[in-house]
Amino acid sequence: MMASNALCRQRKTLLQMTQHVFSDPLLRCLAPRLSRSMATETSLPEFTPPSLGTSMQSPLNTTPSAARRAAPTPPDVLTTIYRFPSMEPMRFAYYPVNKLYLPLRRDILHRAVVFEGDATRQGTASTKWRSDVHGGGRKMRPQKGSGKARIGDRKSPMLRGGGVAFGPHPRDFSTGLPRKIYDLAWRTALSYRYKRGQLVVLGNEIEIEMSESRWLAQIMEWNHLGKGDGGSLLIARDPSENLSQAFLGLEGHGRLKSEDDVDVKDLLKAGRIMIEKRSLDRLLRRHSSDLNRSVPSAM
């Protein structure tokens with residue numbers, strides 16, 4: 001009798017466990033595994049905890065050299081060198097990513113354009129105050145009794161020929177900008193043109209046969225570099241006489257500037273930028289002060 005009661009209690013407990021397993025959605029998928037008989041289950045491998053003297057290694061760092069592996073260097077960008085004015089591809093050139101493939105930073109470009117605009121303002125506007133105007137200091141009429149408005153000397157700003165009140169005086173409009181930010185703006189403008197396919201790198205020592213502007217305008221229109229495509233800016237180190245004469249009469253097709261006269265605004269204003277390779281290399285070297293990360297020694 002006692003054995004039958006114990007068997008009933010075991011069946012009741014097993015039934016409750018089975019109902020609990022199938023009520024839980026997480027354990028429902030594991031029910032076939034839990035409901036198998038003990039004779040068909042395989043034994044789990046025994047886990048032996050590591051001793052205190054041995055150090056545990058992460059499964060991700062299986063090789064000892066994984067932690068000391070250096071970060072991969074970013075690839076260089078590819079640039080095609082063209083021959084002017086035929087625009088035939090000559091060869092390829094490579095430039096670092098941090099010089100010709102930077103992300104667009106409108107805030108830095110805006111600061112650079114404002115900095116250049118403030119530096120070009122002359123600030124020579126000048127007016128004369130009442131102390132600078134020729135004339136005496138005698139009062140023109142009595143203070144009272146004439147029935148007219150009170151007035152001082154003839155140099156008063158209220159009279160014609162008198163001084164100017166709150167007029168402009170010579171001043172310096174130039175503002176400050178850190179050199180590293182300005183250099184970053186230069187490379188950001190070049191990168192912006194490169195990403196849009198508007199940076200055309202030419203071979204060194206550009207030379208044309210004729211100095212006629214009409215002939216050069218036809219060439220630029222044929223290569224989609226003229227007025228219909230926004231015009232172009234040609235940057236050269238030492239422009240030849242024929243090239244300079246031809247660009248004088250292009251009338252919106254393009255402009256010619258020396259590499260020493262170009263600023264960030266010129267790079268953003270023109271439709272396309274045509275630049276000699278040697279000029280591009282020199283400008284990138286000149287505007288790379290923020291890339292110098294050498295730490296000075298304390299000794």
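Modeller: Happy to! Strands E4 and E5 (residues 254–258) run parallel and are joined by 5 bridges. Strands are DSSP runs of at least two residues and helices of at least four, numbered from the N terminus, and two strands pair if DSSP finds at least two bridges between them. This is a predicted model, where local features need pLDDT of at least 70, side-chain atom pairs count only at pLDDT 80 or more, and totals for chains, interfaces and linings use all residues. Residues are numbered from 1 along each chain as its sequence is written, and side-chain values use heavy atoms, leaving out hydrogens and water.

Colleague: Which residue in E5 is the bridge partner of isoleucine 235?

Modeller: That's lysine 257.

Colleague: And what joins E4 to strand E6?

Modeller: 4 bridges, and E4 and E6 (residues 272–276) run parallel. In E6, isoleucine 273 stands opposite leucine 233.

Colleague: Is E4 (residues 232–236) mostly covered or uncovered?

Modeller: Mostly covered, with 5 of its 5 residues buried (under 20% relative accessible area with a 1.4 Å probe, protein chains only; exposed is over 50%, partly exposed in between).

Colleague: Which way do the residues of E4 point?

Modeller: Ser232, Leu234 and Ala236 point one way, while Leu233 and Ile235 point the other. In a regular strand, side chains alternate between the two faces of the sheet.

Colleague: New topic: why does phenylalanine 92 count as exposed?

Modeller: Because its relative accessibility is 54%. Phenylalanine 92 is found in strand E2 (residues 88–95).
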